[in-house]
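Dear colleague,

I am passing on the structure we talked about, so that you can look through it alongside these notes. Please keep it open while you read.

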Amino acid sequence: MLALAAVVHDAASIALLIIGGWRALVGVFALIQGRSTAREVRLEQGVVTFVLASKNVVVPATEIEEFRISRGDLSHFMPIRVRTAHDGVVKVAPRLCGLFQFLIELRRFNPMVEIGEPF
């Protein structure tokens, strides 16, 4: 209905309709992805806790196999992918405070973890 109104009234408003629709679609995608991304990661006594919006995922540090950025993410805006042995892939927010200290402690508990470049 909005598209028909844009066509009838003014051709310049079609571009605004397309831009606004695209921004709304990107916003909905960001909301959906934000609910499934861990905003906090804790390492306590050999157990890693990923704190998501609706739940906590608890994984022993020895079961984490890989910790790497998403492919093609040069500016570090996409979630970090953490692959575990039993829980699959957990997505983590890309700009966490204390990430390097966490990775050092994780390496201490699990020397076999693969940490991708560039971290």
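**What was found**

Please bear in mind that the model is a predicted one.

The partner of β4 is strand β3 (residues 47-51), and the two pair in the antiparallel sense over five bridges, forming a hairpin with four residues between them. Within this pairing, Val-47 has Pro-60 in β4 as its bridge partner.

There is also an open sheet of five strands with mixed pairing, whose order is β1-β7-β6-β5-β8. Its edge strands are β1 (37-38) and β8 (114-115), each of which pairs on one side only. Strand β1 pairs with β7 (residues 89-92) in the parallel sense over two bridges, and here Ala-38 stands opposite Val-92 in β7. Helix α3, made of residues 99-109, lies across β5 (64-68), β6 (80-84) and β8, and runs at about 155 degrees to β5.

Finally, a word on the surface, where Trp-22, Leu-25 and Val-26 form a nonpolar patch with about 340 Å² of accessible area together. Of these residues, Leu-25 has its place in helix α2 (residues 12-35), and Leu-25 counts as exposed because its relative accessibility is 54%, where exposed means over 50%.

Note on methods: Residues are numbered from 1 along each chain as its sequence is written. This is a predicted model: local features need pLDDT of at least 70, side-chain atom pairs count only at pLDDT 80 or more; totals for chains, interfaces and linings use all residues. Side-chain values use heavy atoms; hydrogens and water are left out. Patches are made of residues with over 30% relative accessible area and no salt bridge: like charges are joined within 9 Å, nonpolar side chains (Val, Leu, Ile, Met, Phe, Trp, Tyr) within 5 Å. Accessible areas come from the Shrake-Rupley method with a 1.4 Å probe; for residues, only the protein chains shown count as cover. A salt bridge is a side-chain nitrogen of Lys or Arg within 4 Å of a carboxyl oxygen of Asp or Glu. Buried means under 20% relative accessible area, exposed over 50%, partly exposed in between (1.4 Å probe, protein chains only). Two strands pair if DSSP finds at least two bridges between them. Contact means heavy atoms within 4.5 Å. Axes are lines fitted to C-alpha atoms, for helices over the stretch in contact, and angles run from 0 to 180 degrees between N-to-C directions.
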